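Visitor: I would like to learn how to read a model like this one. Please take the features one at a time.

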Amino acid sequence: MAVRNTKAANELIQKWQNEWSGMGLPLNIEVMELDLLSLDSVVRFAEAWNARLGPLHVLINNAGIFSIGEPQKFSKDGYEEHLQVNHLAPALLSVLLLPSLIRGSPSRIVNLNSVMHYVGFVDTKDMNIVSRKRKYTSLVGYSSSKLAQIMFSSVLHKRLPAESGISVVCVSPGIVQTNVARDLPMIVQAVYHLVPYLLQHSLLCWRPS
Ligand SMILES: NC(=O)c1ccc[n+]([C@@H]2O[C@H](COP(=O)([O-])OP(=O)(O)OC[C@H]3O[C@@H](n4cnc5c(N)ncnc54)[C@H](OP(=O)(O)O)[C@@H]3O)[C@@H](O)[C@H]2O)c1
C-alpha cells in the first residue's frame with residue numbers, strides 16, 4: 001500500500017490486526033511512502049519497487065484530490081495540484097512501474113476516475129490553467145485532470161503491445177461517501193453527507209412512465 005502518511009497507515013493496520021486477526025482475518029499489507037505531490041517521491045517509490053524484481057499484477061491509482069472551493073495551488077514541481085495528483089503523478093508511476101507490470105503479466109492498471117471528466121477540458125498549451133482563457137475553479141481543475149487521465153490511459157493502452165499483457169482501465173466509483181469533503185466548512189460537509197440519502201430518496205420516488 002503506497003501512502004503519503006505511513007504512520008497513520010501502520011496504525012490502521014495495527015488496529016485491524018488487533019480487532020480481526022484473532023477471527024482468522026489477518027491482514028498482509030506492507031506500507032510504503034508515496035506522495036503524489038512530489039514527482040521525486042514517485043520516482044523513489046517506483047525505483048524501490050522495481051528493485052525488488054518481483055511481479056506487479058495490479059496497480060490501482062486510487063488517490064485523488066478535489067479541493068472544492070479552494071484557491072488554485074501548485075506543487076513544488078510547478079504543476080496545478082489537481083493536475084499533478086490526479087493525472088501527472090499516477091501517469092508517471094504507471095510508466096515507471098511497467099517493468100514490474102510486465103513481470104506480473106497479465107496485469108492491469110486501474111485508474112479511479114469520475115463522471116466529472118465529461119465537463120473537463122484539456123488545453124495542452126495551458127495544462128496549469130493560468131492563461132486566463134479559462135477561469136480556474138476547483139471544478140475546472142478536478143474535471144480537467146480526470147479527463148487528462150482518461151486521455152493518457154487511452155494512449156497508454158493503445159501503445160502497449162498486446163504481448164505485454166498489460167491492460168489500462170479507468171473506472172468511476174459513482175457517488176461514495178468518503179473523506180473527500182474533509183477540508184470543507186462543517187456546513188458544506190453536512191450537506192455532502194446528505195447527498196446519498198437525497199439521491200436514494202429521489203430514485204425511490206422516481207417511477208419510469
Ligand atoms: N467519493 C466519490 O464520490 C468519488 C466520486 C468519483 C470519483 N472519486 C475518485 O475516487 C478516488 C478516491 O477518492 P475518495 O472519495 O476515496 O477520496 P478521499 O477519501 O479524499 O481519499 C483520497 C485518498 O487520496 C490520498 N491522497 C491525496 N493526496 C495524496 C498525495 N499527494 N499523495 C498520496 N496520496 C494522496 C489520500 O491520502 P490521505 O489519507 O493521506 O489524505 C486519501 O487516501 C479519487 O481518485 C476520486 O477522484 C470519488
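Visitor: How many of the contacts between residues at least 6 apart in sequence join residues at least 24 apart?

Guide: Contact means that heavy atoms lie within 4.5 Å. In this protein, 68% of the contacts between residues at least 6 apart in sequence join residues at least 24 apart.

Visitor: What should I know about the source of the coordinates?

Guide: This is a predicted model, in which local features need pLDDT of at least 70, side-chain atom pairs count only at pLDDT 80 or more, and totals for chains, interfaces and linings use all residues. Residues are numbered from 1 along each chain as its sequence is written, and side-chain values use heavy atoms, with hydrogens and water left out.

Visitor: What is the mean pLDDT of the protein, and where does pLDDT stay under 50?

Guide: pLDDT is the predictor's confidence in each residue, from 0 to 100. The mean here is 91, and 93% of the residues reach 70 or more. Over residues 205-209 pLDDT stays under 50, and the model has 0 contacts beyond four places in sequence for them. Where pLDDT is low, the predicted coordinates should not be read in detail.

Visitor: How many helices and strands are there, and in which order do the elements run?

Guide: Helices (H or I, at least four residues) and strands (E, at least two) are DSSP runs, numbered from the N terminus. The protein has 6 helices and 5 strands, in the order β-α-β-α-β-α-α-β-α-β-α from the N terminus on. Taken along the principal axes, the C-alpha atoms fill a box of roughly 50 × 50 × 45 Å.

Visitor: Which residues are buried or exposed, for example Asn50 and Ala51?

Guide: Buried means under 20% relative accessible area, exposed over 50%, and partly exposed in between (1.4 Å probe, protein chains only). Of the 209 residues in the protein, 37% are buried. Asn50 lies in helix 2 and counts as buried because its relative accessibility is 15%. Ala51 sits in the loop between helix 2 (39-50) and strand 3 (58-61), and it counts as exposed because its relative accessibility is 58%.

Visitor: Which residues does Asn50 touch, and how far is Ala51 from Ser100 in space?

Guide: Not counting residues up to four places away in sequence, Asn50 touches Leu96, Leu97, Pro99, Ser100 and Arg103. Ala51 and Ser100 are 49 residues apart in sequence, and their C-alpha atoms are 9.2 Å apart.

Visitor: What does the side chain of Ser138 reach?

Guide: A polar contact is a pair of N or O atoms within 3.5 Å; within protein, one must be able to donate a hydrogen and the other to accept it, and residues adjacent in sequence count only if both atoms are side-chain atoms. The side chain of Ser138 reaches the backbone nitrogen of Gly69 at 3.0 Å. Ser138 lies in helix 5 (residues 138-159) and is buried, because its relative accessible area is 8%. Leaving aside neighbours within four places in sequence, its contacts are Phe66, Ser67, Ile68, Gly69 and His82.

Visitor: Which backbone angles deserve a second look?

Guide: Most residues other than glycine have a negative phi, and most peptide bonds are trans. Ile129 has a phi near 55° and Arg132 has one near 70°. Ile129 is buried, at a relative accessible area of 4%, whereas Arg132 is exposed, at 79%. A cis peptide bond, with omega about 5°, joins Ser105 and Pro106. Pro106 is in the loop between helix 4 (98-103) and strand 4 (107-112).

Visitor: Which residues are closest to the ligand?

Guide: A residue is near a molecule if one of its heavy atoms lies within 4 Å of it. There are 22 residues around the ligand, the closest being Arg4, Tyr142, Val176, Thr178 and Arg182.
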